[in-house]
Amino acid sequence: MRAAWDWVGFPLHLEDLLEEGSSPAAGPDSPAGSATPEGSIPDTLPILPVRNTVLFPGLVAPLSIGRASSRRLLEESLPQSKIIGVFAQRDAATEEPGPEDIYPVGVAARVLKLLRQPDDTLVIVIQGLERVAIQRVLMVAPFLRAEVRLLQSSSPPREDLEFTATVEQLRENALKLVQLTTEPAEPALAIIRNLKDPGQLADFLAGSLNLPVEQKQPLLEQLDVAARVRSVLKHVAAQLEIARIQQKIQKDVSSAISDQQRRAFLREQVRAIQKELGEDEGGPEQQIEELRQRLQEAGPPQPVLQQAERELRRLRHLHPASPEYAVVVSYLETLAELPWNKLTEDNLDLDRARQILDRDHFNLEKVKRRLIEYLAVRKLNPEGHGPILCFCGPPGVGKTSLGQSIADALGRKFARVSLGGVHDEAEIRGHRRTYIGSMPGRIIQEIRRAGSRNPVLMLDEIDKLGTDFRGDPASALLEVLDPRQNHAFVDHYLDVPFDLSQVMFICTANVMDTVPAPLRDRMEVIELHGYTDREKLEIARRYLVKRQLHEHGLKHGQCRWTLPALRRIIRDYTREAGVRELERQIAAVCRHVAAQVAERRIQRFMVTPSEVGAILGPPRYVHETRLARARPGVVTGLAWTPTGGEILHIEALAYPGKGNILLTGQIGDIMKESAQAALSLVKSRARDLGIPEDAFKDVDLHIHVPAGAVPKDGPSAGVAIFCALASLFTGRPVRPDLAMTGEITLRGVVLPIGGLKEKSLAALRAGIRTVLIPQLNEKDLAELPLEVKQQVRFERVKTVDEVLTLALRRPSRKKSPSVQNLKSARAQPVSAS
C-alpha cells in the first residue's frame, strides 16, 4: 500500500541532536570552525538546490550530497556558517541548476551533522529555520550564493471559532491518517497532539505528506497561516480518503486470498484421494502439454503458433476451476482441430465425373458442362482459383443435391451451411471471445467438421439472408466469396487468418432479386429452370420410385409402377417446377402398399391411374386449359411463378360509367401501370383500329385476372391486356389456341420478358400451340426443351400492330356485343317501377 506520509523529520531543537554545550556540527566528521550564533540568519546565503524535496521550517531532514558544486558549497561555507539556503528545483532532471531552475522561495536551514559514507558521498542532516526569498543572485559558480529576504508568516486570528474548528479538524484528520498508514504510529501521534501553534502544525503536516513538489511548494510560499491550514486540510482529507479505500481493498484481497488458499488445500486433498484411487488424470500441466502437441501436429502457420503459445502461457497462470480456463482451452482445441494443412486430392478424371453427374441427376446439361469445364481447368492449372458458382432456380429442381454430386465427382468432402433466416453477422464471422458462449462462425465450424481445407461448401438459400441491428450477413460474405481476399479470412473467434482460397463455394437461391448487387457480382449465376412433364416422368422412373421403394422396405416385384400412374400424379396431384411434391405423393402410395404387404393382405401390387386416384383421393389441382371458344375481351396470357409457369385468362368488360378503370385479381402496382399504358395505347390508336371516337365516353372498364386469391405483378402482361382491350372495343375475339407475353411501351413497341421456358411449358400443358413472344426473346428459344420446340410454334413480334394481326380474328359484320349493349342501354328510358 502506498504510504500517505513521507516522514522527512520531526521539529526538534538543537539540543535533541547534540550534547549540551557542543558545537552544532561538532564531531569527528564535521567541518572545523565557529558556528553562526543561534537565531541569526545572514543576509546572504549559499544556495543548495535539492531534487524532489521541499523543506519546511521546523523539520529535520537528511540529504545526500552528490553534485560537485554542492560538495564545494559545504566545504567552503560550513567553516564560516552552519546556515545555508535550501531551495527546491523546478525540474529534477537538471544536473547543474541555475537561478532560473529553482523556486524563488525556500528555507534557511542549519546543518546539524555531516557524515562521510564509505562510497565517499556526503550525507548532511539539516533543520529548517525560516522561510526566505531570493532577492538578488550574487554568485553562480562554483556554487550559487544570493542575497535573501526573511519571510514572516501572518499571525493566526485569535478567538476566531471557524479558524479554531479548522485547526482541530486538521489535527483530527491527521491523527486518523497516521493510525491508518504509519507503523509505529505513537511518535507521530505525540508530535501532532503536542504542536499547539497552527503554523507549525501546518508546516509539519505539509512537509510530512507524500505530495509532489508542485503541490508542496505553494504550501511553503503561503504566508497566510489561516489559508495554509485550509490548504493542508484539503490534502490531508484527500489522503485520508485514499487510505480508507486502500485499507478496504487490502482487506478484501486478504479475504479472497485466504479463501483461495482454503480451496487450493481442499483440491490438493481431492487430488491425493484420486491418485490413491487410480483416478488421477495428470492435472492441468498434462492437458497443456497435450494441447501443445496437438497444435504442433496440426501444423498451422507461424503467426497462429505464436498466438497459441501466448494462450498456453496464459493458461498456466489460470486456475482450472476458473471460467476463463475453460474458454482458453476451448479456443486452443478449436485451433488444434482446424485442418490447416489437410487437403484432399482432387479426382480430375473427366469421364468419371460425367458418369457420377449423370447417375445422380437427369438432364441439367448446362450445369454438368460447366462442372466438366471447371475440372478441365483444374487439371491444366492446379494452382488457379475456381469461380464461385450460384445455382438459381425454383424449389425442388436439385440445387442442393447437385453440391453433393459435385463433391463426389471431385473426391472432396462436402459441407453445407443453411443461410435461410440468418440475421446476425456473427453467424458468418464468428463471435468475439469476450462474449459468453462465443464460438466460430458457420464457415469455420463446417470446415472444422469436414476435416479438410478444400471441401465443397454449399451456402444454401443465400437469397434469404436478413439484416437487422446485429449486422448484415450478406456484407460479411463479400470477403468469403472473393477468391482474391479469402486467403486471409479472419474469424472473430479465431482472431488469426485462415485460408479459404482452396474451398469450392457453391451457392443456391430461388431468385436473385433479393441478393445484394456486390454479392451477386462475385458469383457466376447458373439458371436451373423447372422440369417439363416428360422430364419429371423420367426423374420419377429413374430415381424417385427406386428411392421410395428402398426407404419403405419394398422390393421391386412387390410394387410395380406404370407410366400412366406416374403421369396422373404429375398432372393431377402436383403443381411445381421441381419434384419434391412428386416424391411425396409417390411416398404416400408406397406407404399404402407397404401397409398392405406388412399386414399380408397382398404380395404384389400394380400401381395404375385408378389405384392412384383410390389412394391419393380426388385430384388436388385443376390446371388452366385453353379457352373453349373465342369471345371479345378475353385473352390468354402467360405468367412466371416460383413453382413454374401458368396461363392467365385476362378478362376485360365495359359498362356504363364515367370513364374509370377497375383492376381486380390481386394485381400489383407494376401490373396496374401496364394496364394504364395499354388503355392509353388503345385510345391513341382508336382510329386505326376502327373504334368510334365516343366509345370511351361514359363507360367504365373492368379488367380481371383470375385466380383472385393469387397475387400477380410484373410488366409482361402488357401485351395481353392491350389485346384484351382492343378486342373488347373492336368486337373481334382473340384466337383461343393462342397465348401471348410481353411488355409494351406507349410507342407500341414490345419489350423482352423473363421466364420464357416456364411460360412455354405452361402453354404446352394447357394445349396451346401458338405463343406470341417479343422479338428480343428469340435468343432464349435455344434453351427451351426439345418437346416444347416441337409442339409449340413461337411467333416473334416487335410491335402491338403485329400482335393484333396475329391474335385477332377477322372482323364480324355485326358490332361488338358489349358496345352494342351499352348504346342500347343508354337509349332505353328508365322504368319508373
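Guide: A residue counts as buried when its relative accessible area is under 20%, as exposed when it is over 50%, and as partly exposed in between. The structure discussed here is a predicted model.

Visitor: Is Arg-416 buried, partly exposed or exposed?
Guide: The relative accessibility of Arg-416 is 37%. Buried requires a value under 20% and exposed one over 50%, with partly exposed in between, so Arg-416 belongs to the class called partly exposed.

Visitor: How many residues apart in sequence are the parts tied together by the pair of Arg-416 and Asp-460?
Guide: Arg-416 and Asp-460 form a salt bridge, in which the closest N and O atoms are 3.0 Å apart. Because Arg-416 lies in strand S8 (residues 414-418) and Asp-460 in strand S9 (residues 456-460), the pair ties together parts whose separation in sequence is 44 residues.

Visitor: Is Asp-460 buried or exposed?
Guide: Asp-460 is the salt-bridge partner of Arg-416, and its own relative accessibility is 3%.

Visitor: What is the N to O distance in the salt bridge of Lys-464 and Glu-461?
Guide: Lys-464 is partly exposed, at 37% relative accessibility. Its side chain meets that of Glu-461 in a salt bridge, with an N to O distance of 2.9 Å.

Visitor: Which residue in S3 is the bridge partner of Pro-49?
Guide: Strand S1 (residues 44-50) runs parallel to S3, and four bridges join the two strands. Within this pairing, the partner of Pro-49 is Phe-87.

Visitor: Which residue in S4 stands opposite Gly-85?
Guide: S3 also pairs with strand S4 (residues 105-116), here in the antiparallel sense and over four bridges. The residue of S4 that stands opposite Gly-85 is Ala-108.

Visitor: Which residues point one way from S3, together with Gly-85?
Guide: In a regular strand the side chains alternate between the two faces of the sheet. Strand S3 (residues 83-88) is mostly covered, with six of its six residues buried. Ile-84, Val-86 and Ala-88 point the other way from S3, whereas the residues on the side of Gly-85 are Ile-83 and Phe-87.

Visitor: What is the accessible area of the nonpolar patch formed by Ile-245, Ile-249 and Val-253?
Guide: Val-253 is placed in helix H6 (residues 225-277). Patch residues must have over 30% relative accessible area, and Val-253, which is partly exposed, has 40%. Together with Ile-245 and Ile-249, Val-253 forms a nonpolar patch on the surface, whose accessible area is about 250 Å².

Key
Residues numbered from 1 in each chain as written. Predicted model: local features only at pLDDT ≥ 70, side-chain atom pairs only at ≥ 80, totals over all residues. Heavy atoms only, no water. Patch = residues over 30% accessible without salt bridge, like charges linked within 9 Å, V, L, I, M, F, W, Y side chains within 5 Å. Areas by Shrake-Rupley, 256 points an atom, 1.4 Å probe, with all protein chains shown as cover. Salt bridge = Lys/Arg side-chain N within 4 Å of Asp/Glu carboxyl O. Buried < 20%, exposed > 50% of the residue type's maximum accessible area, 1.4 Å probe, protein only. Pairing = 2+ DSSP bridges.
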